[in-house]
Protein chains: 2
Amino acid sequence: MGNDARPLKKPRSKSRKSGGPATLDDSALRPTASTISALAGVAPSTVSRALKNDPSISVATRERIVALADRLGYRPNAIARSLITRRSNVVAFIMGELTNPFYSEQLDLLLELLGEREIQLMLFHVPTGRDVAEVVPMLLQYQLDACLIASVALSSKASDILAQHRLPTVMINRVPAHRHGCAALCDNEGGGAEVARLLAARGVRRPAFVAGHADASTSRDRERGFLEGLRACGLSLGLRLDGDYTIEGGFRAGLAIAEADPRPDGVFCANDIMAFGVLDALRRKRVAVPRQVQVVGFDDIRAASWRPYDLTTVAQPMGVLLERAVDLITARIREPALLPETVYVAGSIKERGTTRPG
Amino acid sequence: MGNDARPLKKPRSKSRKSGGPATLDDSALRPTASTISALAGVAPSTVSRALKNDPSISVATRERIVALADRLGYRPNAIARSLITRRSNVVAFIMGELTNPFYSEQLDLLLELLGEREIQLMLFHVPTGRDVAEVVPMLLQYQLDACLIASVALSSKASDILAQHRLPTVMINRVPAHRHGCAALCDNEGGGAEVARLLAARGVRRPAFVAGHADASTSRDRERGFLEGLRACGLSLGLRLDGDYTIEGGFRAGLAIAEADPRPDGVFCANDIMAFGVLDALRRKRVAVPRQVQVVGFDDIRAASWRPYDLTTVAQPMGVLLERAVDLITARIREPALLPETVYVAGSIKERGTTRPG
DNA sequence: CTGAAAGCGCTTACAG
DNA sequence: CTGAAAGCGCTTACAG
């Protein structure tokens with residue numbers, strides 16, 4: 001396969017000092033601070049200070065250096081810098097599968113937010129059923145500034161390691177990790193309660209609930225809020241089914257609902273994907289929506305507004321939620337001693353054809 | 001906001017040599033190679049060699065060091081290492097919006113593949129309408145090993161900068177960047193031709209095509225293959241519409257198809273999302289699918305198998321395609337002088353209800 | 001088989 | 001206002 005000795009081929013012959021004055025030719029590859037410093041006739045430390053707008057540098061010197069840096073396309077090596085500053089401007093993003101489109105819409109928004117702040121994202125994938133702790137050692141090697149965790153539960157083991165390494169951690173839409181760590185969540189309980197009120201107002205008498213994973217706090221909280229909301233409206237749950245947060249699970253639940261006797265006349269699904277499955281099943285069984293059964297989801301993913309579904313759902317204000325998450329993180333990168341915090345943002349009902357009469 | 005002087009608080013007092021023998025307490029934060037070396041009574045260089053299985057190290061020494069490293073949870077600092085080796089084991093992933101679920105399914109698979117190889121991904125987001133060149137300077141700061149580009153066109157400017165910095169680059173499902181760079185693509189032309197043959201076999205006489213963006217090579221190639229395939233079957237295109245690669249664009253195209261006179265009896269859409277829009281429009285106009293109009297998409301995203309769509313489509317073998325892309329990249333990380341290469345993998349028709357009679 | 005030394009490219013007290 | 005020196009944590013010729 002030929003010669004692969006790229007690194008350090010001639011490590012001792014690169015010193016600028018012994019090689020005479022630098023020329024522009026040196027910039028054929030990447031210029032370094034010492035390329036600039038040699039060309040400008042100043043010390044590397046001066047280059048460093050000039051480029052970070054250190055006020056102690058004279059205007060004339062700064063301008064000369066900045067011009068030179070621009071001309072050569074010099075940008076400080078982030079690797080070398082973070083070795084010294086202990087800051088990389090890179091944040092870990094730990095996520096599960098993107099099977100639910102909700103997560104990719106989330107990632108899109110997050111990238112946009114972080115882009116504005118010049119923060120980069122390094123991705124870590126935790127397959128379903130695996131522990132976050134498995135990726136943490138890898139993550140720790142990269143001197144990352146913080147850790148954003150989405151769509152994955154944090155084991156106490158993983159949380160302990162992160163805390164021990166003083167890595168600021170924010171959960172997105174999950175309850176905060178044990179003692180340490182922050183979280184930014186949609187008010188799932190409040191959203192569930194709103195759904196109850198809506199269904200009651202639309203005349204539902206026998207409500208049903210389709211749950212996600214048993215260990216997902218989102219599903220549990222949405223259910224709790226829903227039950228409380230029903231109670232407040234003088235209703236109680238007629239049927240409860242598991243939908244596993246998948247469209248297939250929702251389909252099975254929908255079949256059961258279609259055949260139940262008495263049949264529920266309103267269904268709240270803990271996410272949109274399951275609601276799609278429920279709608280598919282009801283259509284298959286020729287149950288009319290919303291006339292015979294009304295259906296509500298949660299998330300407001302893009303497909304919820306697609307014509308065949310046209311689903312009433314609780315919209316999570318992802319933009320706001322992620323901004324809060326990013327604020328929590330950046331504050332703790334600046335000031336590691338800040339106490340953990342959990343932020344809630346309210347969802348809002350988006351009523352579409354699966355509940356609206358007519 | 002209090003004290004934020006974390007970096008280099010007391011830079012000169014950390015030297016192990018002057019501080020007496022190291023104790024296990026030092027490992028409260030992160031142990032370094034010199035923590036281990038002091039504890040083991042060897043040089044840091046020996047620690048380094050022992051942990052990378054350098055054969056020159058004696059078995060006894062290695063075992064002692066490995067045991068110690070395990071006990072302290074030592075992992076070499078990837079930042080410091082890559083400064084020296086010029087290798088970070090991190091690859092840039094440049095992508096556009098994830099609005100088409102196809103891209104998130106792709107990202108999922110890619111993360112899995114790279115995870116197995118202990119390669120990390122750093123994400124760069126290029127909003128639609130912006131040039132990749134805008135993120136390249138940022139990317140170059142991080143000493144990344146290579147660059148994977150998906151769902152974004154590479155301008156010649158960006159491509160030149162990447163080539164000049166000798167950064168191996170692989171396009172996923174896009175034609176290769178100008179002179180330099182590799183690509184792994186689905187055989188879009190072949191797939192288009194297969195669709196033509198299928199529609200002909202299903203009795204279509206007046207085929208239509210719904211195109212994506214004018215500047216997307218995927219759409220152009222699928223169209224070219226489709227036209228050639230039609231010709232080979234003795235057919236020619238009856239109607240050509242733009243669908244902008246969005247569901248709304250597909251919907252508009254579908255309305256036009258429903259009202260066209262004579263109406264096409266078969267439609268090939270350059271991606272699945274547009275096909276969904278077409279199906280929605282046909283349903284709205286009470287045009288029966290597949291009896292009056294047959295519809296075929298491209299990509300086989302998950303929603304293509306959802307009941308309301310049940311779409312016949314060309315499945316891209318994403319697993320294989322991404323494996324090829326990763327192979328191209330890793331080969332060029334090892335051996336930068338390798339010539340650019342473009343790899344095609346064949347798609348395959350997945351027939352569902354929008355063409356299958358009965 | 002192992003160690004001492006140099007160096008990756010930067011930044012930051014420290015001294016002038 | 002600027003420079004010389006030290007050092008971040010590692011790896012790799014080089015010498016023994």
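You're looking at a predicted model, where local features need pLDDT of at least 70, side-chain atom pairs count only at pLDDT 80 or more, and totals for chains, interfaces and linings use all residues. Residues are numbered from 1 along each chain as its sequence is written, while chains are lettered from A and ligands numbered from 1 in the order in which they are written.

**Stop 1: the sheet.** In chain A, select β7-β6-β8-β9-β10-β12, the strand order of an open sheet with mixed pairing. Strands (E, at least two residues) and helices (H or I, at least four) are DSSP runs, numbered from the N terminus, and two strands pair if DSSP finds at least two bridges between them. At the edges sit β7 (239-242) and β12 (348-350) of chain A, each pairing on one side only.

Now pick β8 (266-269) and β9 (294-299) of chain A: they run parallel, with 3 bridges. Gly266(A) faces Gln294(A) of β9(A).

**Stop 2: a helix on the sheet.** Show α11 (272-284) of chain A, which packs against the sheet and touches β6, β8, β9 and β10 of chain A. Contact here means C-beta atoms, placed from the backbone, within 7 Å.

**Stop 3: where the chains meet.** Colour chains A and B separately; each gives 47 residues to the contact. On the chain A side, elements supplying at least two residues each include α5 (101-116), β2 (120-125) and α11.

Finally, zoom in on β2(A) and β2 (120-125) of chain B, an antiparallel pair with 3 bridges. Leu121(A) sits opposite Leu123(B) there.

How values were computed: Contact = placed C-beta atoms within 7 Å. Axes fitted to C-alpha atoms, helices over the stretch in contact; angles between N-to-C directions.
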